[in-house]
Amino acid sequence: MEFIIDSLKEAIKLIVKLDREFLEIVLLSLKISGVALIISIIVGLPFTFFLYYKDFFLKRVIIILINTFLGIPTVVVGLFLFLILSRSGPLGFLGLLYTPYAIIVAQFFLSLPYIISITFSSLEKLDKEILIAYKTLGANTLQIFLSLLKEVRYGVLTAICSGFGRIISEIGAVLIVGGNIAHYTRVMTTAIALEIDKGNFILALALGLILLAITFVVNLFLYFLHKNMKK
Amino acid sequence: MGVNIQICNVKKTYKNKIILDDCSYSFHENKTYLIYGPNGSGKTTLLRILALLEKPDDGDVAYFFKNFRLKKNLDLYRRITYVQTNVVAFNGTVYENISYGLKIRNFSKKEIENRVNNILHLFNLYEKANEDAKLLSSGEIRKLGLARAFVLQPEVLFLDEPTNNLDEKNLELIKNIIIEYKKNNGCIIVIATLDISFFENFSDEILTLKEGKLIKL
């Protein structure tokens, strides 16, 4: 027990001192996950509104597939991306494997289903007549998109938070496609795994505490969001 | 001079049921048309096809201005407004709801303020301007839907059961607003209703839908 308390004390000291290695890993994680999330939002939101707006053959199949991807094990995503990005894979010529870009691609695919699925279910709760109302008041497609976005803003924020929560704490795919290279692709989760292997629990604990704090803040934000929604 | 509408051999089928069957008619400016028929007779479908919100399976809907056929683009859509049977309030205040159509047309803030305030007074909604539109009563939401349309001063106005959920006092109010609007704007107003008696005094032509056919009474 004493060992745990001592390690925790040292970990907190490390956080307060803003240890260079610790800070570098945290910032890289936030940067990679932030970029992946932004790309997911840019791709996911218009696609979700298209899904809602248009009725077409296979629409339901696409929705079921996206919902399936919500629960896909991250190592499976990592494995597929590894096969695609490895030198003998179809996109091997891009040389992305073991770079931060590969992690961004992996995290993009992991957060995208969250953005689409949660936003879509918020849209589905709207009265479909709202589309007729926007159209007949003279809105063009972009204006309809922006108006719908305003209408389901809480759902969209929930989707973004959930997507971020998923990728910031993910290890499987990041380890496989990123390779956990120091100062380059080492993010919080992979660093924790490595430091535990090395027996350096202090850095692992410090990173764990930060990860916990980030997840807590995201969940706190979601809690207030839902409270606001109920009002 | 305003727009005129011509529909030619319009057909519409839903799940193998014929809703509109070979409907042809011309709607002219400065006239009020009443489309009367029981529930499920196809009034809403006809109105939505006329308002270019739905496409017919067959036939043609054309808008003319000075004998020139108008292209179906955003410019034309913005000259037409359709008020649904079940008005959907948007997130935001009553004021924001009514100003929606003006904002997306890039009207100046001052013009929006003037027009919206006038409409709020006209529909007796001024006191509710800053209230959450989603919390209005069903009668007030109906008035909100009408106010959202009238503030745009459309050349063609389609009203689907405009008197639903309204009490006696508000029925009179809406009736007077429609009469005044037509007098001042010379537009086409097409009203779909179950209640023929309420509108027949001020409508120029009464049509009915019988087994999908559009018939002038």
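How many helices and how many strands does chain A have? Chain A has 11 helices and 0 strands, where helices (H or I, at least four residues) and strands (E, at least two) are DSSP runs numbered from the N terminus.

This is a predicted model, in which local features need pLDDT of at least 70 and side-chain atom pairs count only at pLDDT 80 or more, while totals for chains, interfaces and linings use all residues. Residues are numbered from 1 along each chain as its sequence is written, and chains are lettered from A in the order in which they are written.

The C-alpha atoms of chain A fill a box of roughly 65 × 50 × 25 Å along the principal axes. Of the 231 residues in chain A, 36% are buried (20 or more other C-beta atoms within 10 Å of the residue's own, C-beta atoms being placed from the backbone).

The contact between the chains takes 14 residues from chain A and 18 residues from chain B; two residues are in contact if their C-beta atoms lie within 7 Å. The elements below each supply at least two residues of the side of chain B that touches chain A.

| Element of chain B | Residues |
|---|---|
| Helix 2 | 74-77 |
| Strand 6 | 80-83 |
| Helix 3 | 94-103 |

A nonpolar core is a set of buried Ala, Val, Leu, Ile, Met, Phe, Trp, Tyr and Cys residues joined through C-beta atoms within 7 Å. The largest has 63 residues, and B:Leu50 is among those that touch the most other members. Helix 5 (residues 138-150) of chain B gives the most to this core, with 6 residues. Apart from it lies another core of 54 residues, including A:Ile32 and A:Leu96.

Notes:
A residue is buried if 20 or more other C-beta atoms lie within 10 Å of its own, exposed if 12 or fewer, and partly exposed in between; C-beta atoms are placed from the backbone.
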